[in-house]
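Me: I am new to this structure. Please show me how to read its features, one at a time.

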Amino acid sequence: MSVTQAASDEILIARIAQGDRLAMQVLYGRHHVRVYRFGLRLVRDEQAAEDLISEVFLDVWRQAGKFEGRSAVSTWLLAITRFKALSALRRRKDFELDDDAANAIEDTSDNPETAVQKKDTSEALRECLTGLSPDHREIVDLVYYHEKSVEEVAEIVGIPENTVKTRLFYARKKLAELLKAAGIERGWP
């Protein structure tokens with residue numbers, strides 16, 4: 001948005017505060033699409049977003065005299081939109097599912113057999129980790145359980161990045177051997 005348009009938006013707000021309907025139409029024409037799109041992203045419902053436009057610009061009409069100019073008019077409009085959208089989301093009642101809709105929802109949870117397999121594999125993996133050297137175990141712990149990058153691990157442990165990579169390579173290789181010896185194939189159930 002240009003500096004000229006921002007300044008003219010402030011002039012429009014001042015004129016709206018004095019009851020100028022034409023100024024309101026111009027402001028609406030400039031900003032209603034932006035307000036609609038922002039509201040739609042928040043409420044995810046076209047009808048609710050349309051309602052938001054009405055509420056936002058009605059508030060602008062009523063509250064224009066209270067605009068202090070601490071931000072751009074477009075920022076003020078989007079702040080009003082956000083507030084109205086969050087209020088609408090809080091008011092929205094959760095719709096009830098009918099039996100057909102409820103039955104159509106896929107259950108992605110594990111079946112009991114898969115859950116037991118995962119638990120057994122997880123226990124075997126923890127046991128195999130104890131078979132690694134302390135240096136290798138430390139690298140694996142930081143990379144996989146604490147989700148640290150190679151660079152971060154190098155900084156934490158105080159070793160070069162290439163040493164981290166080498167230890168990680170040999171740790172994975174040794175872990176694969178230990179898991180195979182424990183009867184665990186690669187992959188996760």
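Reply: Start with exposure. A residue is exposed if its relative accessible area is over 50%, buried if it is under 20%, and partly exposed in between. Note that this is a predicted model.

Me: Is Lys-119 buried or exposed?
Reply: Lys-119 has 53% relative accessibility, so it counts as exposed. Glu-123, at 38%, counts as partly exposed. Of the 189 residues of the protein, 28% count as buried.

Me: What elements does the protein have?
Reply: It has nine helices and zero strands.

Me: Which salt bridge links distant parts of the chain?
Reply: Take Asp-9 and Arg-30, whose side chains meet at 2.5 Å, N to O. Asp-9 sits in helix α1 (residues 3-17) and Arg-30 in helix α2, 21 residues apart. Asp-9 is at 1% relative accessibility, so it counts as buried. Arg-30 is at 33% and counts as partly exposed.
Now take Asp-59 and Lys-84, with their closest N and O atoms 3.2 Å apart. This pair also links distant parts of the chain: Asp-59 is in helix α3 and Lys-84 in helix α4 (residues 73-91), 25 residues apart. Both residues are buried.

Me: How do I read aromatic pairs, and how many are there?
Reply: Check the ring centres, then the angle between the planes. Planes over 60 degrees apart count as edge-to-face, under 30 as stacked, and the rest as tilted. The whole structure has three aromatic pairs. In one, Tyr-28 and Phe-57 have ring centres 4.9 Å apart and planes at 70 degrees, so the pair is edge-to-face. Tyr-28 lies in helix α2 (residues 21-43) and Phe-57 in helix α3, so the pair ties together parts 29 residues apart in sequence. Tyr-28 is partly exposed at 34%, whereas Phe-57 is buried at 5%.
Phe-67 and Trp-76 also have centres 4.9 Å apart, but their planes are at 50 degrees, so this pair is tilted. Both Phe-67 and Trp-76 are buried.

Me: Which residues gather in a patch of negative charge?
Reply: Asp-45, Glu-46, Glu-50 and Asp-51 do, on the surface. Glu-46 belongs to helix α3 (residues 46-63). At 56% relative accessibility, Glu-46 counts as exposed.

Definitions and conventions:
Residues are numbered from 1 along each chain as its sequence is written. This is a predicted model: local features need pLDDT of at least 70, side-chain atom pairs count only at pLDDT 80 or more; totals for chains, interfaces and linings use all residues. Side-chain values use heavy atoms; hydrogens and water are left out. Patches are made of residues with over 30% relative accessible area and no salt bridge: like charges are joined within 9 Å, nonpolar side chains (Val, Leu, Ile, Met, Phe, Trp, Tyr) within 5 Å. Accessible areas come from the Shrake-Rupley method with a 1.4 Å probe; for residues, only the protein chains shown count as cover. A salt bridge is a side-chain nitrogen of Lys or Arg within 4 Å of a carboxyl oxygen of Asp or Glu. Lys and Arg count as positive and Asp and Glu as negative; His and the chain ends are not counted. The place of a charge is taken as NZ of Lys, CZ of Arg, CG of Asp or CD of Glu. Helices (H or I, at least four residues) and strands (E, at least two) are DSSP runs, numbered from the N terminus. Buried means under 20% relative accessible area, exposed over 50%, partly exposed in between (1.4 Å probe, protein chains only). Rings of Phe, Tyr and Trp (its six-membered ring) pair if their centres lie within 6.5 Å; planes under 30 degrees apart count as stacked, over 60 as edge-to-face and the rest as tilted.
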